[in-house]
Amino acid sequence: MSDLAVQTQGLTKRFGRVQAVTDVDLRVTEGDRYGFLGPNGSGKTATVRMLLGLVLPTAGRVRVLGGRVPQDAARVLPQVGAMVEGPAAIGHLSGRANLRLLDAAVPTPGGRRTRRRRVEDALEALGLAQVGRRPVRAYSLGMRQRLGIASALVRRPRLLVLDEPTNGLDPQGIALVTDLLLQLSAQGTTLLVSSHLLSEVEHLCTRVGVMDRGHLVVQDDVDALRAPTGRLLVTLAVRDQDDDDGARAAALAGQLLGSRLLESPVPAPDPGAAGVRLVVADAGDVVGDLVRGGLAVREAVVERRTLTDVVLSRTTAVGEGMGA
Ligand SMILES: Nc1ncnc2c1ncn2[C@@H]1O[C@H](COP(=O)(O)OP(=O)(O)OP(=O)(O)O)[C@@H](O)[C@H]1O
């Protein structure tokens with residue numbers, strides 16, 4: 001159990017009559033890049049707030065970095081960096097002053113001695129070193145978001161908890177934050193990141209938890225979730241899309257593959273290269289059979305479920321659930 005960065009047992013939260021979180025057993029192992037997903041109102045933020053001791057659970061237990069929350073919060077939370085529900089900062093102070101103030105508020109290993117260095121490193125990492133003197137009220141939305149992430153980093157935490165870290169960032173900002181998170185992970189930081197951008201989570205995360213109407217409905221490794229569907233996507237090269245070549249290749253593929261050909265062949269999607277796209281059951285030596293039959297195979301890829309498929313199949317659309 002000691003290698004779990006976050007563990008909850010039967011975690012439950014009611015706000016009056018709203019059942020926000022029900023019986024959630026979260027397990028984040030040290031070193032994980034854990035993506036926390038789910039539709040609006042599914043209970044992600046409420047769960048994260050309980051992990052950080054910001055609200056008390058109605059029932060259940062929370063352990064973070066080996067300590068109980070809220071009982072051991074004073075010991076464990078200084079090792080946790082967090083940005084939840086958007087960045088918070090004092091508008092008339094500069095970004096740099098905000099970070100120094102924030103750092104002074106919580107006991108940190110190294111404390112004042114290393115503060116200047118840690119604040120500069122965090123501003124630098126988020127590309128804010130040049131604007132660190134400007135008052136925060138003059139920051140753009142993206143700059144505020146970066147400052148929020150910088151404030152989660154200042155204490156060089158063992159566990160970083162970020163609620164929608166790339167919300168409002170431009171593509172350059174998203175790439176910068178993603179690279180930074182991968183770098184921190186390589187240095188040993190555990191990440192717990194909630195996001196609605198599934199392609200981003202697919203790229204960044206090793207493990208995901210999916211919430212739906214207060215329940216944790218999926219918790220697994222990304223690789224396991226992205227299992228092969230059992231289908232191959234094959235592209236045949238043909239000489240010319242406009243003549244009968246494509247139709248001949250499609251007919252021959254049908255003869256060679258028999259019932260393994262699952263859908264009617266269609267023109268290949270890539271423009272500029274004539275081809276035929278086949279959807280084939282991944283059984284036997286598909287490519288070998290096509291090539292021996294005289295067809296040119298340009299590409300054959302194993303079809304995998306995407307994270308979007310997994311999340312959509314396990315969650316309730318907005319309007320169907322209680323949170324809408
Ligand atoms: N302080 C509160 N008082 C009353 N209800 C609350 C409170 N906080 C959250 N809720 C309710 O609990 C449910 C879960 O909300 P939560 O903010 O955890 O969802 P979420 O998954 O983070 O959604 P989003 O993706 O929109 O941020 C919602 O129905 C919400 O209205």
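Modeller: Two strands pair if DSSP finds at least two bridges between them. The model under discussion is predicted.

Biologist: What makes strand S13 and S14 a pair?

Modeller: Strand S13 (residues 266–267) and S14 are joined over two bridges, in the antiparallel sense. The criterion asks for at least two bridges, so S13 and S14 pair. Within S14, Arg277 is the bridge partner of Val266.

Biologist: How do you know that strand S12 is also joined to strand S14?

Modeller: Seven bridges link S12 (residues 228–237) with S14 (residues 275–281), and the two strands run antiparallel. Since at least two bridges are required, S12 and S14 pair as well. Arg231 has Ala281 of S14 as its bridge partner.

Biologist: Why is Glu120 called partly exposed?

Modeller: Glu120, a residue of helix H4 (residues 111–125), has 15 C-beta neighbours inside 10 Å. A buried residue would need 20 or more and an exposed one 12 or fewer, so Glu120 counts as partly exposed.

Biologist: Which residues of helix H3 are buried, and what puts them on the same side?

Modeller: In helix H3 (residues 95–105), the buried residues are Gly95, Arg96, Asn98, Leu99 and Asp103. They lie on the same side of H3 because they cover an arc of only 160° around the axis. Ala104 and Ala105, on the other side of H3, are exposed.

Biologist: How far apart are domain 1 and domain 2?

Modeller: The domain assignment places domain 1 at 4–225 and domain 2 at 228–304. Their C-alpha centres are separated by 46 Å.

Terms used. Residues numbered from 1 in each chain as written. Predicted model: local features only at pLDDT ≥ 70, side-chain atom pairs only at ≥ 80, totals over all residues. Domains from an automatic or database assignment. Helix = DSSP H or I, 4+ residues; strand = E, 2+ residues; numbered from the N terminus. Arc of directions from axis to C-beta.
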